[in-house]
Amino acid sequence: MKKYIVLFLFSFQLYSQEKSKIVYSNETVVINSGKALEIETFVNESRAISKSKNTQEYSIRIPFDSFSEILNIKGSTYITKTNKKVDLSSYSIATFDAEYENIYKSDNKFKYFVMPKVEDNSLIEFSYKTKLKQSRFLSSFRFQNPIKTETAKLQIRCNPSTEIGYKLFGNYQDKIVFNKTKEGNFDVYTWEAHDIPEFEREENMPSSLHFMPHIIFYIKSYEIEGKKEELLGTPEKLYQWYYSITKEINKTDQTALKSKTLELIKDKNSDLEKAKAIYEWVQQNVHYVAFEDGMGGFIPREASDIFQKLYGDCKDMANLLNEMFRYAQLNSNLTWIGTRQKPYTYKDVPTPQVDNHMITNVVIDGKSYFMDATDKFCPFTFPSAFIQGKEALIGKSEKEFKIEKVPEVESGRNKTTILMKLNLENYNIVGEASINVSGLKKSYLLNNLSKYNQKESEIWKDIITSNNQKILLDIQELQKNDYKELPSKANFKLKLENGIKDVNGKLLLKPILLFPLKENLIDIEKRKLSIENDLAYVYEIQYEYQLPVDYKVEFMPENAKTENDLGSFDIQYKVQKNTITVNQKIESKKLLLDNKDFLLWNSFIKTLTKQYNQSIILSK
């Protein structure tokens, strides 16, 4: 589905400084509704560049697509050392196609130019105008940038008969001042912010949209020659538009598609079995290829064409899946959704900006399932990882739709199980390890195996070595079990050199060899932003140690167990005859760790790490 272009521009203030700063970033949106609705945006920016070697700070990219037009680009560089002004007009401005990973065809482009003759402590200014051709695609405005912002201002000017909707998101909203005034025949909405600090990205943070202060604005209604036109403002109006652009699809002959569907389900006894056969056929046979070209970024292509060509984007795969489900007499509907990148609800943002993805919803035996075949290995009945917890808009008929929240997959369904059978030989730990990976953990594994030009063996080994790089592995057997309701499996020969210490004739063994979450302590002094996990998951690890001849257990650690809302662990020790068994269960429960969770999380990790350091003492 079409990804929105966000006009995100910098500006800087001239100071004696080490870092560049924003002087001003001003955007004025003018909405005229005379004989037709016309929308123009005027952008003015200024940046103070402290170090001329930071080329990216004065290399300007202005994105646009087939729904917008960029006009009247102007700019100048002021060189303070010589008090000289260099105008942009004599330098080239190029237009490039925007290239994004995993997007085959897109109408996204950008104007690109480098401000001329920039030296240390230069001041640059530039401006341009945008004409918007699709009134529902009003964008957003960000008040924060990767560098400090002195002033950021958004202004919307429109006729009093035009009704504007808007919503603020992110941090520092207390710094944003709103005013509504009248100037001649215009209502003027103004939002202005001062002294917004630079935005610093942090590892494993959610999308910056969760933090950077920004406003989404849109037109609810307007008048043309005294006639009121409803546009957006409620989920109902958004769905009406979605329905209007999809109601004419699937008009071509679908005889072959119907025949294939009936062939797939002919020996299936339940609706769930029928849905599974169809879903896995689409996963295995239709290749995801993204298209974001004009309205093709919003309207699914004919299901019969996708069936014939065997490739398409998320809309196309959702449409194909939906048509096949319906031929199987299943209760299925097209469904719009925003991925976890977007922190919006349909109530807060009843505009196309709330969504960037499309899936299929099917109800079987009263239970709702969210089917996303763009994840080639997502297990049947699971939502894909990147839509967990998000609102979905399910289109049921011309007038009827439903907003439903996608469930988060429970940690116990995303499981890595490891069994190690080990011996102690010459101060080394040797033996065998078997791994089972299921749920969304299996999906991640299989996607990595199909994606990266890296030896499969290294990806499989990483399941163990990412938790202990000292372990040496030799793969004996692999079973992907791609589309089977079985975990992916691997068997290894294992060796850990010098895993045992001799202390005055006694053997010191640290029995826990793998350390999930050990490195996940949060630096609370430095960390400012929340932490996003792709999924909740469980590790279940069992170690079976054969006691060396003539040795017995002199000391065994106590069992340990801790659980809270964020995670849990349970470590159990047992001796039976000549075998020591250690069971280690580690659970990570939350997709999003907020700042308020950090203290509890660190306490949990410290307690867990202490248990990882426990030792068993063996003596003769």
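In which strand does F110 lie? In this predicted model, F110 belongs to strand β8 (residues 109-114), where strands (E, at least two residues) and helices (H or I, at least four) are DSSP runs numbered from the N terminus. Residues are numbered from 1 along each chain as its sequence is written. Local features need pLDDT of at least 70 and side-chain atom pairs count only at pLDDT 80 or more, whereas totals for chains, interfaces and linings use all residues, and side-chain values use heavy atoms, with hydrogens and water left out.

F110 is buried, with a relative accessible area of 9%, buried meaning under 20% relative accessible area (1.4 Å probe, protein chains only). Leaving aside its neighbours within four places in sequence, F110 is in contact (heavy atoms within 4.5 Å) with residues including R61, F64, F96 and D97.

Helix α3 (residues 271-285) has 15 residues and spans 21 Å from its first C-alpha to its last, close to the 21 Å expected at 1.5 Å a residue, the expected span being 1.5 Å times one less than the number of residues. Among the buried residues of α3 are I278, Y279 and W281, and the buried residues of this helix pack against α2 (255-265), α4 (303-309), α5 (314-327), β21 (357-364) and β22 (367-371).

How values were computed:
Buried < 20%, exposed > 50% of the residue type's maximum accessible area, 1.4 Å probe, protein only.
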